[in-house]
Amino acid sequence: MTATPHPHQHSPSGERHAAVVTRTDDGDTVTIVVGGRLEWDDATLAVQLSDVAPVTIVDLRDLTWADSALLNALLHAQRHLRRADGRLILRGPLQPVVRRLFDLTGTASYFTFAEAGEDD
């Protein structure tokens, strides 16, 4: 298993941006864990999702806030994986504010959500 930690970044207000850690579980599965806040100026997740595995799990359980940066990165990865017959799984449960982002934008039905343990 390989782990690549990314240090927390701080926004001008002093709040922490998301921390993203990528773990390669085996040759066909990558798990990306996202926690904290993810904002438009944080390209960390988009970079991590630019090199996806046939099965890519994005663990969003510890993500406390996100904006369109999250949706853009996930939608791009989803399109890429579908073209390659891969799977993108979003692991929850999601924090209410993150769930609301998917619901309000009408994108929830575009993704596969799994509670922790269902996709292991």
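# Close-up views of a predicted model

**View 1. The buried residues of helix H2.** The buried residues of H2 are Ala-69, Leu-70, Leu-71, Ala-73, Leu-74, Leu-75, Ala-77, Gln-78 and Leu-81. The model shown in this and every other view is predicted. Five elements pack against these buried residues: strand E3 (29–38), helix H1 (44–49), strand E4 (55–66), strand E5 (87–92) and helix H3 (96–105).

**View 2. Helix H2 from end to end.** Helix H2 covers residues 68–83, 16 residues in total. From its first C-alpha to its last it reaches 23 Å. At 1.5 Å a residue, 22 Å is expected, and the helix comes close to that. At the start of H2, look for Asp-67. A side-chain oxygen of Asp-67 comes to within 3.0 Å of the backbone nitrogen of Ala-69. Ala-69 is itself one of the buried residues of H2. Past the other end, just after H2, sits Asp-85. Asp-85 has a positive phi of about 60 degrees.

**View 3. The largest nonpolar core.** This core has 28 residues. Leu-49, Leu-60, Leu-70, Leu-74 and Phe-102 have the most contacts inside it. E3, H1, E4, H2, E5 and H3 each give two or more residues to this core. Which element gives the most? It is H2, with seven residues.

**View 4. Leu-70 and its contacts.** Leu-70 is one of the residues with the most contacts inside the largest nonpolar core, and it is a buried residue of H2. Which residues does Leu-70 touch, leaving aside its neighbours within four places in sequence? Its contacts are Leu-38, Leu-45, Leu-60, Leu-63, Val-98, Leu-101 and Phe-102. Two of these, Leu-60 and Phe-102, also stand among the residues with the most contacts inside the core.

**View 5. The salt-bridge network around Asp-59.** Asp-59, Arg-61 and Arg-91 are linked in a network of salt bridges. Start with Asp-59 and Arg-61: their side chains meet at 2.4 Å, N to O. Arg-61 counts as partly exposed, because its relative accessibility is 31%. Asp-59 is buried, with a relative accessible area of 4%. Now turn to Asp-59 and Arg-91. The closest N and O atoms of this salt bridge are 3.5 Å apart. Asp-59 lies in strand E4 and Arg-91 in strand E5, so the pair ties together parts that are 32 residues apart in sequence. Is Arg-91 buried or exposed? Arg-91 counts as buried, because its relative accessibility is 6%.

**View 6. The salt bridge between Arg-37 and Glu-39.** How many salt bridges does the structure hold? There are three. One of them joins the side chains of Arg-37 and Glu-39, at 3.0 Å from N to O. Glu-39 counts as buried, because its relative accessibility is 14%.

**View 7. The aromatic cluster.** Phe-102, Tyr-110, Phe-111 and Phe-113 form one aromatic cluster. The count of aromatic pairs in the structure comes to four. One of these is Phe-102 with Phe-111, an edge-to-face pair. Their ring centres are 5.6 Å apart, with 80 degrees between the planes. Both Phe-102 and Phe-111 are buried. Tyr-110 and Phe-111 form another edge-to-face pair, 5.6 Å centre to centre and 85 degrees between the planes. Tyr-110 counts as partly exposed, because its relative accessibility is 27%. Phe-111 counts as buried, because its relative accessibility is 7%. Phe-102 links this view to the core, where it is among the residues with the most contacts.

**View 8. The whole protein, for orientation.** The protein has three helices and six strands. Along the sequence they follow the pattern β-β-β-α-β-α-β-α-β. The protein has 120 residues, of which 46% count as buried. Of the contacts with a separation of 6 or more, 59% come from residues 24 or more positions apart.

How values were computed: Residues numbered from 1 in each chain as written. Predicted model: local features only at pLDDT ≥ 70, side-chain atom pairs only at ≥ 80, totals over all residues. Heavy atoms only, no water. Helix = DSSP H or I, 4+ residues; strand = E, 2+ residues; numbered from the N terminus. Expected span 1.5 Å × (residues − 1). Buried < 20%, exposed > 50% of the residue type's maximum accessible area, 1.4 Å probe, protein only. Contact = heavy atoms within 4.5 Å. Polar contact = N/O pair within 3.5 Å; in protein donor to acceptor, adjacent residues only side chain to side chain. Core = buried A, V, L, I, M, F, W, Y, C linked by side-chain atoms within 4.5 Å. Salt bridge = Lys/Arg side-chain N within 4 Å of Asp/Glu carboxyl O. Phe/Tyr/Trp six-rings, centres within 6.5 Å; stacked < 30°, edge-to-face > 60°.
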